[in-house]
Amino acid sequence: MTEPSLHPAAAPSAEAMPSTGWRRFVADWASDQTSFKGVSWGKAMMWVFLLSDTFVFGCFLVAYMTARMSTTVPWPNPSEVFALEIGGTEVPLILIAIMTFVLISSSGTMALAVHYGYLRDRRKAGRLMLVTALFGACFVGMQAFEWTKLIREGVRPWANPWGAPQFGSTFFMITGFHGTHVTIGVIFLLVLARKVLRGDYETGRRGFFTSRRGRYEAIEIMGLYWHFVDLVWVFIFAFFYLW
């Protein structure tokens, strides 16, 4: 039986390549190609970033659960803390419901923007990205209003008038970290929308995200980030406002 050539210049044949198990995994990651076959580095690196961010948010939420379950002081009632007075009546969680609706709706507009981006309909894609950015800005604005209201009512990172002092620190840390992600997303959405509407992806104008002509994949990468931010809010909503 003839031994396969081991000369460095010789390309390995399909039969010589491992097909299953750890050998295949090592061969994929050691190959002189894109590690994720058929996936651009931009998209792959966004997935790596989102995976690392998942661990960060996960640690924050675990810390919140630990603080809540271990404290001997009663935890504040979300229906009372996050209520708004409308027409002389306290309406629980109304602001949070609107914030959630706005952010979830922005996922729909972002998905449509990605769709029209790949169809090369730059007007619809750009406008939908602007609408998504508007939804995100509204969310951040309502979150700022919520923070202002709680601070005026005496909530601090070390104390609050409704019970366990850990409530303030965990609330401001987690919602603030998430709000920072939304703010960054809004900024990048505005930048990309300007490039799309200006036609940078048609002319190949050099710059951030537009080094290659016709490469609308940047919109999809932005969409991955935005959908992640929306998904994280679902968990924050469940842990802070419904539990």
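Read from the N terminus, the elements of the chain follow the order α-α-α-β-β-α-α-α-α-α, which gives eight helices and two strands; helices (H or I, at least four residues) and strands (E, at least two) are DSSP runs, numbered from the N terminus. This is a predicted model, in which local features need pLDDT of at least 70 and side-chain atom pairs count only at pLDDT 80 or more, while totals for chains, interfaces and linings use all residues. Residues are numbered from 1 along each chain as its sequence is written, and side-chain values use heavy atoms, with hydrogens and water left out.

**The chain as a whole**

- Of the 243 residues of the chain, 40% count as buried, where buried means under 20% relative accessible area, exposed means over 50%, and partly exposed lies in between (1.4 Å probe, protein chains only).
- The chain has an accessible surface of about 14,100 Å², and 67% of this belongs to carbon and sulfur atoms; accessible areas come from the Shrake-Rupley method with a 1.4 Å probe, and for residues only the protein chains shown count as cover.
- When contacts between residues at least 6 apart in sequence are considered, 68% of them join residues at least 24 apart, a contact being heavy atoms within 4.5 Å.

**Cysteines**

- A disulfide is a covalent bond between the sulfur atoms of two cysteines.
- Taking a disulfide as a pair of cysteine sulfur atoms within 2.5 Å, the count for this model comes to zero.
- Cysteine 59 counts as exposed, because its relative accessibility is 53%, whereas cysteine 138 counts as partly exposed, because its relative accessibility is 35%.

**Helix H5 and glycine 136**

- Helix H5 (residues 122-152) has 31 residues and reaches 45 Å from its first C-alpha to its last, close to the 45 Å expected at 1.5 Å a residue; the expected span is 1.5 Å times one less than the number of residues.
- Glycine 136 lies in helix H5 and is buried, because its relative accessible area is 0%.
- Once its neighbours within four places in sequence are left aside, glycine 136 is in contact with Val182, Val186 and Trp226.
- Although glycine 136 and aspartate 230 are 94 residues apart in sequence, they are 9.9 Å apart in space, C-alpha to C-alpha.
- Just after H5, glycine 154 takes a positive phi of about 105 degrees.

**Nonpolar patch on the surface**

- Ile104, Leu231, Val234 and Phe235 form a nonpolar patch on the surface, and together they have about 360 Å² of accessible area.
- Patches are made of residues with over 30% relative accessible area and no salt bridge, with like charges joined within 9 Å and nonpolar side chains (Val, Leu, Ile, Met, Phe, Trp, Tyr) within 5 Å; a salt bridge is a side-chain nitrogen of Lys or Arg within 4 Å of a carboxyl oxygen of Asp or Glu.
- Helix H8 (residues 217-242) gives the most to this patch, with three residues.
- Phenylalanine 235 is found in helix H8 and counts as partly exposed, because its relative accessibility is 45%.

- Leucine 93, found in the loop between strand E2 (89-92) and helix H4 (94-118), has a positive phi of about 60 degrees although it is not a glycine.
- Leucine 93 counts as buried, because its relative accessibility is 17%.
- Arginine 120 is placed in the loop between H4 and H5, and its phi is near 65 degrees, a positive value in a residue other than glycine.
- Arginine 120 is partly exposed, because its relative accessible area is 48%.
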